[in-house]
Amino acid sequence: MSKEQVRAVMERVLTWPPERQEDAAKMLMLMESQDESVYRLTDEQVEEVRRRRSDPNARRLTLEEFTQRLKQRLKQRLGE
């Protein structure tokens, strides 16, 4: 999108009702604040997120199941 196109959209925003203008401003400020975040995913992490999101039927564990599996793994590592 060119700067001229962005300017044209921003000029149209100024013709919107005040509530809509406020919504637009909040969205832009939110986007801006995300750019300031110190948290960034590595390329590998982004790929893992994509992989996990690609399976809509992925199995999820309950907290109880997770805790049980964790206990089992700890026992295995400790040689019990």
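Helices (H or I, at least four residues) and strands (E, at least two) were taken as DSSP runs and numbered from the N terminus. By this definition the protein chain holds four helices and zero strands, in the order α-α-α-α from the N terminus on. The model is a predicted one, in which local features need pLDDT of at least 70 and side-chain atom pairs count only at pLDDT 80 or more, whereas totals for chains, interfaces and linings use all residues. Residues are numbered from 1 along each chain as its sequence is written, and side-chain values use heavy atoms, with hydrogens and water left out.

Along the principal axes, the C-alpha atoms fill a box of roughly 70 × 25 × 25 Å. Of the 80 residues, 2% are buried, where buried means under 20% relative accessible area, exposed over 50%, and partly exposed in between (1.4 Å probe, protein chains only). The accessible surface amounts to about 8,400 Å², with 54% belonging to carbon and sulfur atoms; areas come from the Shrake-Rupley method with a 1.4 Å probe, and for residues only the protein chains shown count as cover.

Four salt bridges were counted, a salt bridge being a side-chain nitrogen of Lys or Arg within 4 Å of a carboxyl oxygen of Asp or Glu. In helix H3 (residues 43–53), Arg-51 and Glu-48 lie three residues apart, about one turn of the helix, and their side chains meet at 2.5 Å, N to O. Glu-48 also pairs with Arg-52, with the closest N and O atoms 2.7 Å apart; these two residues are four apart in helix H3. Glu-48 is partly exposed at 29% relative accessibility, as is Arg-51 at 48%, while Arg-52 is exposed at 56%. A further salt bridge joins Arg-59 and Glu-65 (3.1 Å, N to O). Shared partners join Glu-48, Arg-51 and Arg-52 into one network.

Leu-61, Leu-63, Phe-66, Leu-70, Leu-74 and Leu-78 make a nonpolar surface patch of about 620 Å². Patches consist of residues with over 30% relative accessible area and no salt bridge, with like charges joined within 9 Å and nonpolar side chains (Val, Leu, Ile, Met, Phe, Trp, Tyr) within 5 Å. Leu-63 belongs to helix H4 (residues 63–78) and is exposed at 67%. Phe-66, also found in helix H4, is partly exposed at 45%.
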